[in-house]
Amino acid sequence: MSMADEIPLSLRQLQYFVVVAELGSITRGAERLLISQPSLSHQLRVLESAVGAALFDRRARGVVLTPVGRALLPGAKTALAASADARRLARAAAGLDGGELRISTSLSLALGVLPHALREWFASHPEIEVRVHEHTHADLVRAQVVAGDADVALGQYPDDWHGPVYDLGEEEMVVIVAHGDPLAANGPRRITIGDLRERRWVLPAVANGFSEYIELICAAEGFIPEAAVRSSGVGTLVALAASGLGPTLVPANAVPEHVPGAVLALDPPLRRRVAVYATPANEQLGCAFAECARRFGRLMPPHLAPLFETSGNGSATRLDQAR
């Protein structure tokens, strides 16, 4: 039996099949694939000939999969994914001189740490395209790497991870309030979570993993935070809190330099350990990206560093003063 007989299906034909199956239309499939409709129809007929059965039931308003088509679809998707992974890993093994880096990360780290790390990454690896996937929960960040849909994760330090983990250090939590807030005027530089017991908060969306984190922190102090407003965007949380709608808790690295609000440090401090991690197959990519993130990620932004250099009483540090 020849090699052609052993592998009768081409990856290009499988790609055409998957696209048409997902869109339910040969016309739209041709538009998506940027080929002519007759060429796409011909390739699908060639694939059906190789399979030995019809894959689509062609109707006036589109196409639907036949039982044989439904049976082929999962394997076709797996073959395409395996091909993409093989190509990416081969390029990575060739010295990180081409290919793609897929990063799974949280919303806050994507805002505060990732841009600085990627600036250095592109200076060192200009030929590698980067694709960023942002998530609202640490479990989703991890799951995408486990599923093979991302090469590396930038997130909370993972427990029980069977693969390379590169520790980046700790991110410090801060409280954002308006400049006219009583806690920011003639108050202590450092506050406690208990000082916010009676306040209505600006909180992340309920499904956001950081909302769970805040609730656990407050529960340890004996109360449940009451929401005045919720939002999924970290930048929006900071802006809403700075406008006076209530305090919010965010990582220091997610606080931009020119927000018109006050930043309060916490006593005792709240910190979370951050890491880059990957599967064993992506160790080389993980190590290279972790080096950029470790050196340039700015877990503590320079404009907030003065807030943590001294302790004791004093007025809250304004964002436009702490540079």
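I take helices as DSSP runs of H or I with at least four residues, numbered from the N terminus. The model I am reading is a predicted one.

Entry 1, helix α8. I looked up residues 138–146, which form α8, and found Val141, Gln144 and Val145 buried. I then checked how these three lie around the axis: they cover an arc of only 100°, which puts them on the same side of α8.

Next I asked what covers the buried residues of α8. The cover includes the strands β3 (99–106), β4 (128–135), β5 (152–156) and β12 (271–278). Just after α8, I noted that Gly148 has a positive phi of about 85°.

I looked up how α2 (residues 11–23) packs with α3 (residues 26–33) and read an angle of about 125°, with the axes 8 Å apart. Angles of 65 to 115 degrees count as roughly perpendicular and those over 145 as roughly antiparallel; α2 and α3 are therefore oblique to each other. I recorded their crossing as right-handed.

I then listed the residues that make the contact. From α2 they are Gln15, Tyr16, Val19, Val20 and Leu23, and from α3 they are Ile26, Arg28, Gly29, Arg32 and Leu33. Sorted by class, the residues of this contact come to 6 nonpolar, 2 polar and 2 charged.

Definitions and conventions. Residues numbered from 1 in each chain as written. Predicted model: local features only at pLDDT ≥ 70, side-chain atom pairs only at ≥ 80, totals over all residues. Heavy atoms only, no water. Axes fitted to C-alpha atoms, helices over the stretch in contact; angles between N-to-C directions. Helix = DSSP H or I, 4+ residues; strand = E, 2+ residues; numbered from the N terminus. Parallel < 35°, antiparallel > 145°, perpendicular 65-115°, else oblique. Left-handed = near helix turned anticlockwise from the far one by under 90°. Contact = heavy atoms within 4.5 Å. Nonpolar A, V, L, I, M, F, W, Y, C, P; charged D, E, K, R; others polar. Buried < 20%, exposed > 50% of the residue type's maximum accessible area, 1.4 Å probe, protein only. Arc of directions from axis to C-beta.
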